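Please find below a short note for a colleague who is new to this structure.

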Amino acid sequence: MRLVLVGPPGAGKGTQAQFIASNLSIPKISTGDIFRANVSGGTDLGKLAKEYMDRGDLVPDEVTIAMVRDRLLESDAQDGFLLDGFPRNVPQAEILKKMLEEFGTALDIVLELVVDDEEVVRRLAGRRTCSQCGRIWHVDFDDKKDDVCDACGGRLYQRDDDKEDTVRHRLEVYQEQTAPLVSFYADERILVGVDATGPVEEVTQRAMEALSPFAD
């Protein structure tokens, strides 16, 4: 199966991507993993990407796309893959479609993890990180009433990117840049939405049930 996973920040894409890919016995391919592999491997594309990253600049689309292309041509991705974090916008989706056509294949399905904005804010703005061991706790889910890590006794703090204003801004950016992807794939008739609220295991079960008609 060849699929793309989409959804807003805080929808649980990283967690679900891992479980879904494992259940389907296909590689999980994320742009973050691709960047790290190319940079650590010292590939030409990795060296080029590192130049931009070291300057604090965004890696250009053409470099990212070239990395994705190389990754999709690897042997473990020939019978299927799960793309997480790519494409991020409609132009990238159009390039991916043409790329797969060149390979003589196409996406089977795009799975959207659906969660409303207030739930995203609750999930992300409620996170607290331990200043010593780095463990993440949640003020609601872990019933944290103090600012002390139960694992090591370190002080808990709220990361800047978990603050409510920042989370809401990230959601605005998602709506502007990535949400049109949902309409694009709906028009392609390969979009399926899954409720991403509730326990991780239940979300995974819903996702697998939604994907089952498309399995080989």
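Which elements cover the buried residues of α5? The points below take up this helix and then turn to the aromatic rings.

1. The model is a predicted one. In it, the cover over the buried residues of α5 includes the strands β1 (2-6) and β3 (81-84), together with the helices α4 (61-72) and α8 (179-187).

2. The buried residues of α5 are Gln92, Ala93, Leu96, Met99 and Leu100. Because they cover an arc of only 120° around the axis, they lie on the same side of α5. Lys98 and Glu102, on the other side of the helix, are exposed.

3. Helix α5 comprises 13 residues (residues 90-102), which at 1.5 Å a residue should span 18 Å; the end C-alpha atoms are 19 Å apart, in agreement with that expectation.

4. At its start, the backbone nitrogen of Gln92 has a side-chain oxygen of Asn89 within 2.9 Å. After the helix comes Gly104, with a positive phi near 80°.

5. The count of aromatic pairs is one. The ring centres of Phe184 and Tyr185 are 5.1 Å apart and the ring planes stand at 80°, so this pair is edge-to-face; an angle over 60 degrees is what that class requires. Phe184 and Tyr185 are both buried.

6. Charged groups also sit over rings. The charged end of Arg55 is placed over the ring of Tyr52, 4.9 Å from the ring centre. Likewise, the charged end of Lys144 is placed over the ring of Trp137, 5.1 Å from the ring centre.

Definitions and conventions: Residues are numbered from 1 along each chain as its sequence is written. This is a predicted model: local features need pLDDT of at least 70, side-chain atom pairs count only at pLDDT 80 or more; totals for chains, interfaces and linings use all residues. Side-chain values use heavy atoms; hydrogens and water are left out. Rings of Phe, Tyr and Trp (its six-membered ring) pair if their centres lie within 6.5 Å; planes under 30 degrees apart count as stacked, over 60 as edge-to-face and the rest as tilted. Buried means under 20% relative accessible area, exposed over 50%, partly exposed in between (1.4 Å probe, protein chains only). A charge sits over a ring if NZ of Lys or CZ of Arg is within 6 Å of the ring centre and within 35 degrees of the ring normal. Helices (H or I, at least four residues) and strands (E, at least two) are DSSP runs, numbered from the N terminus. The expected span of a helix is 1.5 Å times one less than its number of residues. The arc is that of the directions from the helix axis to the C-beta atoms. Contact means heavy atoms within 4.5 Å. A polar contact is a pair of N or O atoms within 3.5 Å; within protein, one must be able to donate a hydrogen and the other to accept it, and residues adjacent in sequence count only if both atoms are side-chain atoms.
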